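Hi,

Here is the structure I promised to pass on. Have a look at it first, and then read my notes below.

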Amino acid sequence: GWYLVGSPIVTQTYDEDFIKDNKIASGTGTNLGIASYNNGVASGNWVYAVDAGAATTGTITGGVGYSIKTSATKDVKFTGSLNTVDPALASITVGAGTPFNLIANPFASHINSQTFLDLAANSTKLTSKTIWVWNSAGKNYDTKLSTDAFMIAPGQGFFVSAVSAGNLEFAKSNQAHIASNTFQKSTSISKVKLNVTNGEFNRYAEVRYNTNATKGFDNGYDGERFTGVSNSFDVFTQLLDDNNGKNYQIQSLPNSDLESMIVPVGLLAKSGDEITFTAETLNLPNDAKVFLEDREKSLFTRLDNSGVYKISLSSDLSGVGRFYLHNVQNALSTVDVLLENVSIYKSGSNQLQVVGLKQGKASIKMFNMLGKQVMHTRFEASEANDISLPKLANGVYIVQLRSNEGKLNKKIILQ
């Protein structure tokens with residue numbers, strides 16, 4: 001498989017000898033199993049090295065990440081002078097295609113992701129205090145938060161998301177000594193890990209419960225799913241407060257009143273897929289019970305007691321509105337879906353998305369902050385509804401939703 005790597009030395013030149021000695025794989029045409037990541041395009045982001053025989057030459061720069069594949073299981077050797085000073089990674093960019101940048105640990109020691117992400121010189125340039133690492137076993141990217149204090153191995157590559165261009169600093173103070181193996185070691189955090197498989201790929205989304213978290217976005221506690229490369233199958237959740245349509249692989253919520261927090265679960269899957277949901281729980285209250293709601297079928301399945309929910313999709317899915325995660329203390333036989341669990345947010349340049357309604361007639365009115373009505377529309381509700389917006393000035397608006405379940409007011413910001 002592929003691995004994300006970087007050079008722990010100042011500069012590594014790759015040539016014909018390097019390719020042969022390290023058994024770098026050959027691909028389509030003259031492509032070699034060494035690729036850099038170009039975030040200036042929306043797709044086809046990998047730029048492969050090309051086999052030119054004896055004329056093959058290139059540079060693996062310290063601090064920059066690369067994807068490498070070998071034709072046999074073996075160590076890849078880097079030879080040269082170790083980084084012993086504070087190097088800087090130049091020119092991370094927002095990118096015309098994606099904001100993701102592939103970088104790498106430039107040291108021959110582990111670095112602590114929390115120290116790296118909390119450094120002001122880095123956090124101000126990043127979308128969030130999050131890194132994404134490649135999981136070769138799961139064939140997907142794992143979200144790691146600053147609060148995870150994930151140990152990045154020597155030569156390990158990882159992605160960050162840029163909010164502004166500049167240099168990320170790898171300070172010597174980022175280095176960390178590991179006295180024992182801490183890889184994926186369990187912690188005392190309370191969480192539900194929702195696992196989903198289509199028989200070919202395994203995906204997961206985590207909901208964590210933390211006294212420092214809120215129902216909205218908490219930097220370092222909430223981490224989006226990786227979208228730097230295309231993915232045909234995935235699972236994610238969305239925020240309970242200030243939901244703007246972003247999809248999270250890890251979401252943290254307050255560690256109290258768990259029953260009131262119904263989490264929207266999104267699925268990216270194709271028609272005809274056979275989907276299986278399971279869950280793992282850690283450090284939840286003894287009387288806690290975890291249910292998955294399928295709102296389309298009005299079914300609730302308990303998952304925390306080794307429960308399984310299977311379904312065959314009759315259409316493509318690409319968002320939230322159908323599935324919800326419940327964490328309750330009492331037995332769940334019938335649940336009234338409250339309007340408070342409906343999400344309303346701007347989607348695209350002139351669309352309002354309303355997610356989580358039961359089927360039936362509904363209407364929306366919008367008012368500006370002076371109380372003037374600027375929109376009124378009626379529609380037939382479904383799990384996810386796209387409502388066209390008129391041309392409106394940037395600012396704060398109140399959305400008034402009416403359906404068979406009652407009335408709900410939500411504040412949104414157009415910008």
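In which loop is the place of Asp257? Asp257 is found in the loop between strand E20 (248-253) and E21. Before I go on, keep in mind that this is a predicted model.

**Positive phi**

I started with Asp257 for its backbone. Most residues other than glycine have a negative phi. Asp257 is not a glycine, yet its phi is positive, about 50°. With a relative accessible area of 55%, Asp257 is exposed. Lys139 goes the positive way too, with a phi of about 55°, and again this is not a glycine. You'll find Lys139 in the loop between strand E10 (130-135) and E11. Lys139 has a relative accessible area of 53%, so it counts as exposed.

**Around E19**

Strand E21 (residues 263-269) pairs with E19: the two run antiparallel and 4 bridges join them. To find one of these in the viewer, go to Asp234, whose bridge partner in E21 is Leu268. E19 itself covers residues 234-237 and is covered on both faces. Asp234 and Phe236 are buried on one side, and Val235 and Thr237 are buried on the other.

Further along, Asn247 sits in the loop between E19 and E20. Asn247 has a relative accessible area of 18%, so it is buried, given that the cut-off is under 20%. Its side chain makes a polar contact of 2.9 Å with the side chain of Gln238. If you skip neighbours within four places in sequence, the residues in contact with Asn247 are Glu224, Arg225, Phe236, Thr237 and Gln238. Phe236 and Thr237 are also among the buried residues of E19.

Strands of a sheet pair through backbone hydrogen bonds, either parallel or antiparallel. Here, 4 strands make an open sheet with antiparallel pairing, in the order E1-E6-E3-E4. The edges are strand E1 (3-5) and strand E4 (46-50); each has a single partner strand, so one side of each has no neighbour in the sheet. From one strand to the next, the twist averages 35°. Strand E3 (residues 31-37) runs antiparallel to E4, and 4 bridges join them. Within this pairing, Ser36 stands opposite Val47 in E4.

**Aromatic rings**

A pair of aromatic rings is described by the distance of the centres and the angle of the planes. Searching the whole structure gives 17 aromatic pairs. Take Tyr37 and Trp46: the ring centres are 5.3 Å apart and the planes are at 75°, so this pair is edge-to-face. Tyr37 is at 13% relative accessibility and therefore counts as buried, whereas Trp46, at a relative accessible area of 21%, is partly exposed.

Then there is the pair of Tyr141 and Phe226, which is tilted, with 4.2 Å from centre to centre and 40° between the planes. Tyr141 is buried at a relative accessible area of 8%, and Phe226 is buried at 5% relative accessibility.

**Charges over rings**

There are two of these to look at. The charged end of Lys193 sits over the ring of Tyr204, at 4.5 Å from its centre. Arg295 lies over the face of Tyr324, and here the distance to the ring centre is 3.8 Å.

**A buried Asn**

Last stop: Asn385, in strand E31 (residues 384-388). Asn385 has 5% relative accessibility and so counts as buried. What does the side chain of Asn385 reach at 2.8 Å? It reaches the backbone nitrogen of Ser382. Apart from neighbours within four places in sequence, Asn385 is in contact with Leu352, Gln353, Val354, Leu357, Phe379 and Glu380.

Cheers

Technical notes
Residues are numbered from 1 along each chain as its sequence is written. This is a predicted model: local features need pLDDT of at least 70, side-chain atom pairs count only at pLDDT 80 or more; totals for chains, interfaces and linings use all residues. Side-chain values use heavy atoms; hydrogens and water are left out. Buried means under 20% relative accessible area, exposed over 50%, partly exposed in between (1.4 Å probe, protein chains only). Two strands pair if DSSP finds at least two bridges between them. A polar contact is a pair of N or O atoms within 3.5 Å; within protein, one must be able to donate a hydrogen and the other to accept it, and residues adjacent in sequence count only if both atoms are side-chain atoms. Contact means heavy atoms within 4.5 Å. Axes are lines fitted to C-alpha atoms, for helices over the stretch in contact, and angles run from 0 to 180 degrees between N-to-C directions. Rings of Phe, Tyr and Trp (its six-membered ring) pair if their centres lie within 6.5 Å; planes under 30 degrees apart count as stacked, over 60 as edge-to-face and the rest as tilted. A charge sits over a ring if NZ of Lys or CZ of Arg is within 6 Å of the ring centre and within 35 degrees of the ring normal.
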